[in-house]
Amino acid sequence: MRENARVAADFKGFQAFKGDYQELVDEISELLGAPATLENRDFELIAFGAYDSDDELDPSALDPVRTRSILTRRSTATVRAWFEGFGITRATGPVRIPPTPEAGVYRGRICLPVRHRGVALGYVWLLDSDPGPTDAQLAAAMEVAGRIGALLADEAEAGAGLSRELRAVLTAEPGWQQDMAVAELRTALGPRADGPLTLVCVAPWPSADPEDAPAARTIPHATALCTLPWGPSEQSLALLVRLRTPEVTTPALAAATRLLKEAEGVQGTMGGGGRGAGARAAAAGTSGAARVAGGAGSAGGAGSAGGAGSAGGAGCAAGVGDPRTGLAELGTVWQEAAAATRAALAEPRFGPVAQWARIGPYRLLTALPPQAAHDPVVGPLLSPAHRELARTAEVYLDCAGQAGRTAAELGIHRQTLYYRLSRVEQLTGLDLDDGEDRLLLHMALKRARL
């Protein structure tokens, strides 16, 4: 019970962090006489300190990197690596970054690293000016940055607690273990545990490193998230989303789209050799213009991704379970979200974000045990040598056995279709004029996609 009370207190503090950040960023803006932006170490926007300054009316202040950062709310891996190349991840004091017009950076920046116990947790960014802030002003601003660092550390601890509680619920065996895990999560969430909720599944998530997962704070309506195993060697991301009503799932769909973009960003960073590779390249003297040009930008207000997601970009898809009120059926909602994700991966027409309520027969097919994946009668048709025949049979059954529609869909002559269907019957021993044989073949072909 003491642990539950601690987690609940952490969550209450977690909810208050955003206002605290805003106050501290405003304090830095007043100290330095310039608008300041706070980002976490993944260059995600946390707070922006508005300040009445002529700089904000100067078109040169809105260079392409700054503008695209604010509009897209996320920096690309190349932009991030370019700024990290100035040593901001290791710095303990202010870092001045010169303007680089050929890279789209028309105004210099001042970066105040936000650290806690020696670990870089974020950055405060300001546009540099002439004359810029004095050493005394910067020293005072760094003291405020230290307080921000302590808040970020507290928030990370609170978020990690909720992540553990959510993971415990989704991995517990049905029965008393899951009931206990649900009770602990309910205590941690407080009143928010009683409203309409659903789960989003994104898989395969491109990284097993928890630090590569976005903060729940950066995703509107998100309450908690965690990573879970997906298959023998991959990961999925689970996101708990609160809804206004069970009938409106728009927040969950928006969160799923956001996470798909996040997955693309994580994959892009990993594809570039990891977080440190770009910084090492910058330190070695790689052209800043070459690295930054075309990037979304940072150092003026970067944040989480938005916009439309794409299953193809990161090789993953997202699923949304049916909403429930309260946490009692959270395990079932996760099964639905995971099933919808599998359907979206199998059938592009469902993706990149699929809802459990809209995946039709895949609601049943995804529930079948692994040993039911291939019926022995259909096995020969599923061999690589007969891929075209299998596709022909699936399209024919999708078209309710209408030869004209099938031939048009496949772009072949009807006689070619009839020949292929006769070959399907020979390989399987099934009669395509028999309803039950059709049902078996159709289910087997759909199940094979999973």
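Predicted model: local features only at pLDDT ≥ 70, side-chain atom pairs only at ≥ 80, totals over all residues.
Residues are numbered from 1 along each chain as its sequence is written, and side-chain values use heavy atoms, with hydrogens and water left out.

Strand β4 (residues 109–116) pairs with β5 (residues 119–127) in the antiparallel sense over 8 bridges; two strands pair if DSSP finds at least two bridges between them. Helices (H or I, at least four residues) and strands (E, at least two) are DSSP runs, numbered from the N terminus. The hairpin of β4 and β5 has 2 residues between the strands, and R117 there takes a positive phi near 50 degrees. β4 also pairs with strand β3 (residues 95–97), again in the antiparallel sense, over 3 bridges. In that pairing, V95 has C111 of β4 as its bridge partner.

How many of the 8 residues of β4 are buried? The strand is mostly covered, with 7 of them buried, where buried means under 20% relative accessible area, exposed over 50%, and partly exposed in between (1.4 Å probe, protein chains only).

Now move to strand β1 (residues 36–40), which holds E39 as well as T37. T37 counts as buried because its relative accessibility is 1%. The C-alpha atoms of T37 and L126 are separated by 6.6 Å, although the two residues are 89 apart along the chain. E39 has a relative accessible area of 0%, so it is buried too. What does the side chain of E39 make a polar contact with? Its partner is the side chain of W125, at 3.3 Å. A polar contact is a pair of N or O atoms within 3.5 Å; within protein, one must be able to donate a hydrogen and the other to accept it, and residues adjacent in sequence count only if both atoms are side-chain atoms.

Helix α3 (residues 77–84) is likewise mostly covered, with 6 of its 8 residues buried. These are V79, R80, A81, W82, F83 and E84.

Next come the nonpolar cores, each a set of buried Ala, Val, Leu, Ile, Met, Phe, Trp, Tyr and Cys residues joined through side-chain atoms within 4.5 Å. The largest has 26 residues, of which L166, L170, L199, L327, L330 and W334 touch the most other members. Elements that each supply at least two residues of this core include α4 (135–171), β6 (196–205) and α10 (330–346). Leaving aside residues up to four places away in sequence, L170 touches L199, L228, A238, L330 and W334. A second, separate core has 24 residues, among them Y21, A47, L112 and M142.

Finally, step back to the whole chain. It has 15 helices and 11 strands, and buried residues make up 50% of its 450 residues. Of the contacts (heavy atoms within 4.5 Å) with a separation of 6 or more, 69% join residues 24 or more positions apart. As for pLDDT, the predictor's confidence in each residue from 0 to 100, the chain has a mean of 80, and 77% of its residues reach 70 or more. Over residues 272–313 pLDDT stays under 50, and the model has 122 contacts beyond four places in sequence for that stretch. Residues 55–60 also stay under 50, with 10 such contacts.
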